[in-house]
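Try each task before reading its solution.

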Amino acid sequence: MASLAQHVAGLACPPLSGASRRPAAPRRPSALVCGTYALTKEDRERERMRQLFDDASERCRTAPMEGVAFSPEDLDSAVESTDIDTAIGSLIKGRVFMTTSNGAYVDIQSKSTAFLPLEEACLLDINHIEEAGIRAGLVEEFMIIDENPGDETLILSLQAIQQDLAWERCRQLQAEDVIVTGKVIGGNKGGVVALVEGHKGFVPFSQVSSKSTAEELIDKELPLKFVEVDEEQGRLVLSNRKAMADSQAQLGIGSVVLGTVESLKPYGAFIDIGGINGLLHVSQISHDRVADISTVLQPGDTLKVMILSHDRERGRVSLSTKKLEPTPGDMIRNPKLVFEKADEMAQIFRQRIAQAEAMARADMLRFQPESGLTLSSEGILGPLSSGTPSEELNSGEGQTTDE
């Protein structure tokens with residue numbers, strides 16, 4: 001039987017009446033073979049992908065858990081069993097993964113989101129989270145202080161942890177009676193507020209050694225001692241007078257200390273030696289005459305000075321660089337050499353003082369034989385002998401003969 005294609009090919013259609021004959025167009029290969037279209041390779045791949053998608057869609061609709069080893073209930077149970085303690089007040093370790101102008105987001109390996117507000121980043125008042133050293137990638141221990149009920153975001157704090165450590169540090173420093181340095185950041189009619197160990201402490205004017213006003217002390221650093229540390233009441237009281245008294249007690253005549261030139265006057269220079277102001281009189285700068293102090297010293301200069309005298313009642317300290325000169329005039333010509341030889345020259349000065357005191361004691365004993373004491377050539381104080389050396393020798397020889 002002849003195929004349908006053969007029959008169709010053998011049919012001849014007469015032209016329509018009135019229509020002009022036109023040349024036949026070149027015949028194109030027909031894509032119709034036995035009633036179907038021939039698909040290209042790309043078409044077949046698209047068809048295969050469509051079929052896979054349809055199959056997957058059908059499985060999701062009819063059997064969504066097919067091939068899954070655990071149920072949704074198992075997943076919830078696993079999350080709950082590995083979840084961390086998110087109770088208020090608990091400590092948690094996390095990694096900062098993003099910072100904003102208001103704080104930082106922290107990954108705490110939990111289904112809950114965690115956020116560190118700017119005001120909880122540290123004890124100090126800051127404007128940017130980076131000022132507290134908070135950057136992406138930082139791993140730190142935080143305290144959970146609250147939870148946002150709207151989206152269940154946990155609120156974290158570093159300040160709370162730092163406060164506990166700071167109070168403990170203050171109690172320790174008070175127990176050890178240590179001198180600390182505090183920066184004055186404010187004041188009122190009763191005293192000034194100083195920042196110590198991250199806490200704001202109050203220094204009453206009765207405990208400030210100088211007669212300065214609060215405005216004059218702003219931004220200055222003061223040596224301080226703890227008077228009261230009360231964490232429960234948030235009360236921290238400090239004293240500048242106690243710190244100054246302890247510092248001054250350590251100033252011995254002839255000791256060398258490091259100081260900074262605070263100001264210049266026609267009669268000398270005021271030197272800050274660890275929170276204490278001492279006077280370096282113009283006559284004690286050098287053995288050579290100093291006509292203009294500014295040619296030798298300038299405010300802000302750091303130098304070594306020797307303690308000449310110390311009036312603890314009045315809080316006055318007299319200083320000298322003249323006594324530290326290896327040769328007269330070195331403070332003017334070569335101050336660097338003076339500072340290098342300062343300890344050596346101070347030791348010589350102290351030895352001379354000791355010798356002078358020994359001679360003074362010897363002179364005193366020479367005129368007071370009733371004291372029963374005498375001073376040897378080595379400067380050792382001992383009992384006064386009852387007889388002359390020759391009498392003692394003769395006495396000793398007589399005893400040897402008798403024996």
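**Exercise 1.** How many bridges join E3 to strand E6, and do they run parallel or antiparallel?

*Solution.* This is a predicted model, where local features need pLDDT of at least 70, side-chain atom pairs count only at pLDDT 80 or more, and totals for chains, interfaces and linings use all residues. Residues are numbered from 1 along each chain as its sequence is written, and side-chain values use heavy atoms, leaving out hydrogens and water.

Step 1: find E6 at residues 139-148; strands are DSSP runs (E, at least two residues) and helices are runs of H or I (at least four), numbered from the N terminus.
Step 2: E3 and E6 run antiparallel and are joined by five bridges; two strands pair if DSSP finds at least two bridges between them.
Step 3: take Ile-92, whose bridge partner in E6 is Phe-142.

**Exercise 2.** Where is the place of Ser-90, and is Ser-90 buried or exposed?

*Solution.* Step 1: Ser-90 lies in the loop between helix H3 (72-82) and strand E3 (91-99).
Step 1: its relative accessible area is 12%, so Ser-90 is buried (under 20%; exposed is over 50%, partly exposed in between, with a 1.4 Å probe and protein chains only).
Step 2: the Ser-90 side chain reaches the backbone oxygen of Ala-87 at 2.6 Å.

**Exercise 3.** Which residues is Gln-284 in contact with, leaving aside its neighbours within four places in sequence?

*Solution.* Step 1: locate Gln-284 in the loop between strand E15 (277-281) and E16.
Step 1: with a relative accessible area of 16%, Gln-284 is buried.
Step 2: beyond those neighbours, Gln-284 is in contact with Leu-308, Leu-319, Ser-320, Thr-321, Lys-322 and Lys-323 (heavy atoms within 4.5 Å).

Key:
Polar contact = N/O pair within 3.5 Å; in protein donor to acceptor, adjacent residues only side chain to side chain.
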